[in-house]
Amino acid sequence: MRWSRYFLYTLRDNPADAEVISHQLLARAGMIDKLAAGIYTYLPLGWRSIEKTARIVREEMGAAGSVELSMPCVQPAELWQESGRWQHYGKELLRIKDRHDREFCFGPTHEEVITDAVRRRVTSYRQLPANLFQIQTKFRDEIRPRFGLMRGREFIMKDAYSFHTSGESLDQTYRAMEAAYRRVFDRCRLSYTAVEADTGNIGGSESHEFMVLASTGEDAVAACECGYGANVEKATTGALASPPPWPGTPPAKPEEVHTPGTTSVPDVAAFLRLDPAHFIKTMIVESDAEFAVALVRGDDEVNEIKLKNALGAAHLQLASEAKVEQVSGGAMGFSGPVGLKGVRVVADPEVMRMVVAATGANRADHHLVGVVPGRDFTADLVADIRAARAGDPCPRCGRPLVVKRGIEVGHIFKLGTKYSKAMACNYLDENGGMQPMIMGCYGLGVGRTVAAAVEQNHDDAGIVWPRPLAPFEVELIALNPDVPAVRDAAEKLYAELVAAGVEVFYDDRDERPGVKFNDADLIGFPVRVVVGKKGAEQGQAELSLRRDRVKIPTPLGEAVAKAKELLAGL
């Protein structure tokens, strides 16, 4: 492909809203173009990388026994009402009406549609298991779309769904899909890890996320040398060390202390000369139709995902100042569990292990010291609701956890019978009995994988594409193409590279050498072949790899073979 005939326009400056490297470089390299918040056009160069990623995904899904289909983007509300998600999915679901005032949504995922398709065709255990996938556009109306392709509203995703007669059959497919995902990301030449994860709005009993490790990742992953790994939304830990000894003798019963203006744990700890681990941090939340109180140790933070799951709530939000006063009778910043009535209390196990503690007194500018969990207050539910931190003990081996940053590119779920029961997706078993199908769900972000590859493979000058995802493998640059010897040598090389089956992008523009080299670094094709005036006169080209840019003078007659040799080593 010749640049002069291609639709490619690079940018000198980063877009004003581009916060992360992949957004900056993909936009500047002329691969994506923003249409609206979180909605992008994949320009020709970007679409080639998307297509290459999709091809790898298709091949590995097929090898794992999944069959491709395509489902509609627009889905009738009736299916979502049948599953129960129409009411619970939230504002991320884009709801629309047709000219007849019938309700639809633009699909963020396709559990309902695939379940409907299968239930109308599969009736017997002899037809199971079944495994189907598609690569298609989704839409989720993110409250704050950002990071380019990594958190857009419209995006390309591969989603697969499997149907089974038993948990054992589901597990076999789940492991096969897990292995297929590993092959996909291995072929994309990405550094990644698979971790335990929360099931979120999809639901189910087990799930794993595939994270591409990058310092700019928006997700945090807790990991251990023993092989344990989990998204921090899901991560558990071993028991923490007990708080340091209480200074002096604690009071025999809760004692109210005046603590003016100290609403944060560090402030009140300093005021009372206690350790933050001596405190019980209290957070009042509104979940669905009820209020709840979450308790963690003062040196911990509440994990809102864990709290939502513990409460069995579809939605969760912090209570407003007025509602905090309504629930606790006191001002925000001074809440505590002692004396609370008519509200559900969820306590982290570390709170209930405390021997003595300090906490808010539910009265402005006052705290209680000498509080004993179990004596002075009780919990309606004791559950792990704390956020795991670096250095916490691993739940498997006790060694310190390490927290890394990652970009979620894939997520697999064991759905069980959540959708099949709600939507009557049943089959006749060997005895003629009607049973709900057991389901699995497997998502992979195609656009996110491309963006993650850029996050993991770049330098100060631009993208450094891994060969499998590069839009083109080789860039041929003609310096001073108005010079006949340069033009003739470059044209001959271009024809030979094309004939040899090499994906070559020929920069034949009448531009200054500096512009061409800067663009070549920005776009980042793996191998570069340069023909200049001096080299053409000497019968040589200059080859280099984008990742190190070490120049390799090569006779023109050997340039194609050398380019293929360099590609083979990538």
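How far is the sulfur of Cys397 from the closest cysteine sulfur? The distance is 3.4 Å, to Cys224, which is too far for a bond. A disulfide here is a pair of cysteine sulfur atoms within 2.5 Å. By this rule the count is zero disulfides. Cys441 is in no disulfide either; its nearest cysteine sulfur belongs to Cys425, 14 Å away.

This is a predicted model, where local features need pLDDT of at least 70, side-chain atom pairs count only at pLDDT 80 or more, and totals for chains, interfaces and linings use all residues. Residues are numbered from 1 along each chain as its sequence is written, and side-chain values use heavy atoms, without hydrogens and water.

Are these two cysteines buried or exposed? Cys441 is buried, at 4% relative accessible area. Cys397 counts as partly exposed, at 35%. Buried means under 20%, exposed over 50%, and partly exposed in between (1.4 Å probe, protein chains only).

The structure holds one cavity of 30 Å³ or more. A cavity is a set of points on a 1 Å grid over the protein atoms alone where a 1.4 Å probe fits but cannot get out; lining residues have an atom within 4 Å of a point. The largest cavity has a volume of about 40 Å³, taken as the space filled by probe spheres set on the points.

Its lining includes Leu26, Tyr42, Leu149 and Val450. Helix H2 (residues 44-63) gives the most to this lining, with three residues. Helices are DSSP runs (H or I) of at least four residues. By class, the lining has seven nonpolar, two polar and no charged residues.

Definitions and conventions. On a 1 Å grid over the protein atoms alone, a cavity is a set of points where a 1.4 Å probe fits but cannot get out, and a pocket is an open set with protein on both sides within 12 Å along at least five of seven lines; lining residues have an atom within 4 Å of a point. Helices (H or I, at least four residues) and strands (E, at least two) are DSSP runs, numbered from the N terminus. Ala, Val, Leu, Ile, Met, Phe, Trp, Tyr, Cys and Pro count as nonpolar, Asp, Glu, Lys and Arg as charged, and the others, Gly among them, as polar.
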